[in-house]
Amino acid sequence: MRAQFVLSEIGVGLRRNLTMTFAVIVSVALSLALFGGSLLMREQVSTMKGYWYDKVNVSIFLCNKTDAESFPSCAKGAATEDQKKEIRADLGKMTDLVQSVQFETADEAYKHYKEQFGKSSPIAGSLTPDQMQESFRVKLKDPAKFEVISSAFSKRPGVQTVQDQKTLLSNLFNLLNGMNFAALGVMFLMLIVALMLIVNTVRVSAFSRRRETGIMRLVGASSFYIQIPFIMEAAFAGLLGAGFACVLLVCGQYFLVNNWLVHHIDVIQFIGWDAVLAKLPLVLAIGLLMPALAAFAALRKYLKV
């Protein structure tokens, strides 16, 4: 009988405050979808870091005959064969730092450039192989040791520049982290809006049923028994919102990642379903507990008779 009464009171409360309950469901769904998306974005960035930082190289670009005017270090012209042999020999001595060394000729650099940017670059048609830089692609055992290679070779005769690919990737990851923090900021704002809506919904519901709760208090019902219908109303609305948030996350993984990004961006290792499914229980738990606790806190004041 008690369970039937509680369920009937929940139904009455939801029908009386249908508009506000719908607003709670939508705000909770959006905020938790942003929360889950932020967690997945953070995991995606960590996965990309682990994948790409393991593949980054330090590139030692050599002077060619067209660099004399643009780079002071190339004032004496293109790198000579003796300078190339000396650089290769010195790299071979750094066995504690260097994992592997690959020499890329100007023709190979031109070929790679055409493969990557030939269709999109406006200068591809006028570029010739003799304008490309020969380079040593150095794979380090520890990518953090770039400064050792840079200080050893950046001022060498015949060396144009020493470039660490990790710096370029760091800019990308910083951008992704910034977007992630922005999403978290919006998520916190949405959660605040959701909590305010929950508190207001509980206030209205408690006020509209103040006569019933007063009678229940007079006949000896405990405070917790009186509060249960209101708390479960908020928890039910929050759980529906969390369910919609899970649907949004699943749809995002299926349609956006698996059916679009994977086919258009093949240089990124995207997270899989295991990462998405692992976040769904957390989203559901927050969607259930957050409104219930907010309602419990509000009822301590608004159900006093």
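How many helices and strands does the protein have?

1. Nine helices and four strands. Both are DSSP runs numbered from the N terminus: helices are H or I with at least four residues, strands are E with at least two. Starting at the N terminus, the order is α-α-β-α-β-α-β-α-β-α-α-α-α.

2. On the basis of the values: this is a predicted model, where local features need pLDDT of at least 70, side-chain atom pairs count only at pLDDT 80 or more, and totals for chains, interfaces and linings use all residues. Residues are numbered from 1 along each chain as its sequence is written, and side-chain values use heavy atoms, with hydrogens and water left out.

3. The structure has one disulfide, meaning a pair of cysteine sulfur atoms within 2.5 Å. Cys-63 and Cys-74 form this bond, with their sulfur atoms 1.9 Å apart. The S-S torsion of Cys-63 and Cys-74 is about -75 degrees, so the disulfide is left-handed. Cys-63 and Cys-74 both lie in the loop between strand 1 (58-62) and helix 3 (81-93), so the pair ties together parts that are eleven residues apart in sequence.

4. Now cysteine burial. Cys-63 is buried at 5% relative accessible area (buried is under 20%, exposed over 50%, partly exposed in between; 1.4 Å probe, protein chains only). Cys-74 is buried at 0%. Cys-246 also counts as buried, at 9%. Cys-251 is partly exposed, at 33%.

5. Of the contacts (heavy atoms within 4.5 Å) with a separation of 6 or more, 83% join residues 24 or more positions apart.
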